[in-house]
Structure formats: C-alpha cells, structure tokens
Amino acid sequence: MISGRIFIGPQEVAGYYSRLVEGFESINQPYDFYTFSRHRFGYGGQSRSFWLGRILMDFNSYREANDKARLIPRLFLSILGRFFHLAYFLISIFRYDSFIFTYGTSFLKDNKDIPILRFFGKTIIMNMAHGSELRPPYIDGSYQSSDGVEKPALQHLVYLAQNYSQRMSFLERHCTYIIGAPFSSSQFAKRPFINSFALGVPCSTEGALSTKCKDDKLISDSNSNKVRIVHSPSHEKLKGTRIIRDSITELKQKGYQIEYIELQGRSNKEVLEELKVCDFVVDQIYSDSPMASFASEAASFGKPAIVGGFGLEQLKNHIPEGMYPPSYICLPDGITEAIEKLISDVEFRQELGSAAKSFVKKEWSVENVAKRFQSLISNQIQNDWWLNPDTISYVHGIGQDSFETKTIIAEIIAKFGTEALQVGHRKALEAKFVAFSENELC
C-alpha cells in the first residue's frame, strides 16, 4: 500500500472514478474523491472527500442552479468559487502525496497548479484516455449537434486542435505520467504515455448478484418471445442512434421479435436496472474503443455489447496481451448483421456475455484496476504499459462516417493549410491524413 493519501478528481466521467475509489477502499488505500459538482446521472462517490470538498460540491451545485441569476450575484458566486478552489489547492499541497487528475482538469484554470505541485515533489497522473479531451476535433463527431444538423465551424475545430496540441505538450512537460488511449490520445503526443488498456476500466460486478439467475447464467426478465436490446445514447449523432434504429426496424420487418429499449437522460441507477434484464446492448457504431463505460457496465451483468468502429481490429495490435475486452465488434456498415447475429445465435450470445463478465471480473475489477494505479504511482511499471505514439496512425475518428471526416479534413487543409491539423511532428501521420482527405481509405 502507498503510505500517502491520493487525490482523485475533479471531474467524473461515466462513473469511472466512482468505481475506482471503490477499488481503493477495497485495498485500504487512503484517498479523497472530489468533483466540481455532483454528476447529473448520479454516479455517486463524491462524498468521499474531506469537509472542504463536500462544501465546495454543494456550493458549485448551487451556483450552477443559479447560473441565470442577475449579473452581479452571478459574478460574486464565480469569484467566491475561484477563491474556494484556490483554498482547496493550497490545502492539497500538504494533504496529498499523489494526484490522479481527470479528463484534463485540475484545481486551477489551464492546469496552472500542476507545475507547482511537481515543484513540491508530488506525483501527478493525468488521465486523458476518456476520449474527447484530447482526440483531434476534426475527427470527432461529438462537436456536431445531437441530431447532426448543426456542424461546428472549421475555424473552431482548428482552434481546438491547436489548444489540444499545446495542452498535450504542457502536460508532457509537467506531469509524472499521462494516461492515454491508442486511437484518441496519440495524434498530438510527442512522448510515450501509459496505455489506458494496460490499467483497465474499473468495473463492479456486485450489482449482478441481485439479478435472477439460472444455472449461474444471467437471464432476462423480458417477454421470452422477444429479444430485449438496450441502447443508451448520450449523444445521438455520436453513437449512430438513427442508424441503429433503422437496423432494428429492418430486422423487425424480417420477422424478428425485438423489444428495443432506448435510454436517454436517465440516471445511472435506472440504466443498470435495464441492463439487468436485457439480452444484449448496442453501444455505438463509430467507436475507437471496443468496451467503453456503457458496454463495461453491461458486461458486469453478463450481457454482451455490439460495438462498431473503423479500426477496432487493428487496435488489438496496440493493447497488452490479454487486455482486449470481449465485445462483438464490427465495421459501421455491418451493424445490422451484427445485431442479427446476436439475436439469432443464442448460444453465441450467452457465451460472449459470459466471457465479457469473466473479463471485467478478473482484469477490470475495481480492486485490480486500483492496484495497477498503485503500481503506477509507485513507479512499478511493466514494459507493455507504455505506448509509443509513433507506432499509431489512426485517422478515422469517432462519431461520424468516414465521408464526413474526410470532407472536414479536406476543407481544413484547403482553407488553413496542413499545419492546421497540428500533427507536423508526425510526418507519416500527417501524410496519412492528407491521403485520407484526398482518397477515402477503406
């Protein structure tokens, strides 16, 4: 066990850190978990902080609720909030030995606190592996509106790319370790970083114990004549929800009995209840990870996930042996066939669900992921945890089809030049982006 107390925060991402602190508790590692405000989907865990952190969360929640107040009260609350965060930061210098910062955020704006913490000899881990905090914005569909109608201005995407590139350079200079994902964090990186798949996504399987079982296999509570499929889009365009709906409609027309459940804006507790009784989930069709948070939650109940993406097979080459999670992966245009496969082949579906549950229970358990973070903090790092960004040249992105991505890149190059892509330090990758914009890659 690490003797010093760890800080985790200040932003939650899909329950990742609420589950991570469960792991720290299970191995008796002292920590505080603080987020700027309580998560709207109710993942919980933020109360595991000392008194100032709990006061700050309540204050920030109040400030957000009064965001439309008159200018002077709003300005006063903003100034007061910055003062509280500065106070928390100053206390943290004496309270914590190690910091796990989340989603590119820290106590102060623009991470101005990180060099100061390093000056005092603190271990700084910045997790930039969740996706859009570092992914080149021109290959990221999340900047479109949820219905896909409103598109981001090219100039805005160029500005963000420059900002992300500069942020990565700053973090590389001042953090002890950066955690990144092969396809979403490597484009702007100049130095090797810790592969997020080597650490895993913390998953709790305790909730599965309350699910009805038969012969130790999770079963569905839904109508036995129908296959119950769950999709939970936080952003319809990003997840490919319209195309998934069309696939479900097409399969119903072919005669398949399907109960399709679509969850939006629901609390995490409600989502977990639906996962208990479904047969499988369809996560998304344009992903750069085979098992993100929603799919991993489904796996904890023994429910397999369908995940579409352009490079998921190639991703296997960049993940440590035994750490590639078992989802049913497919190309985006193969989503209908993938859904049909899991509907019609019950034995395959159950075996995949069982494999997914075994994987998250063993490799991605909250305890094992917490222990890997302990090893990272203690500088006990295995060689295959490191990822060299120069070995990766992924250009397809996430959340939009390849034609959209190709068009955006081509327009940026035409208007702002190749340097606007901010990958000039990686000439081979830059050339691949140019080739992609000119002739769509398969």
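View 1. I229 stands opposite F280, a residue of strand 11. The model shown here is predicted. Strand 9 and strand 11 pair over two bridges. The pairing is parallel.

**View 2. Strand 9 also pairs with strand 10.** Strand 10 spans residues 258-262. Five bridges join strand 9 to strand 10, and the two run parallel. Look for I229 again: Y260 in strand 10 stands opposite I229.

**View 3. Strand 9 is covered on both faces.** In a regular strand, side chains alternate between the two faces of the sheet. In strand 9, V227, I229 and H231 lie on one side. R228 and V230 lie on the other. Are these residues buried or exposed? On both sides they are all buried. That makes five of five residues buried, and strand 9 is mostly covered.

**View 4. Helix 10 is largely enclosed.** Helix 10 covers residues 293-300. Eight of its eight residues are buried, so helix 10 is largely enclosed by the rest of the structure. The buried residues are S293, F294, A295, S296, E297, A298, A299 and S300.

**View 5. The neighbours of helix 10.** Which elements do the buried residues of helix 10 pack against? Three are helices: helix 1 (16-26), helix 9 (268-277) and helix 13 (346-362). The others are strand 9 (227-231), strand 11 (280-284) and strand 12 (305-308).

Terms used
Residues numbered from 1 in each chain as written. Predicted model: local features only at pLDDT ≥ 70, side-chain atom pairs only at ≥ 80, totals over all residues. Heavy atoms only, no water. Buried < 20%, exposed > 50% of the residue type's maximum accessible area, 1.4 Å probe, protein only. Helix = DSSP H or I, 4+ residues; strand = E, 2+ residues; numbered from the N terminus. Contact = heavy atoms within 4.5 Å. Pairing = 2+ DSSP bridges.
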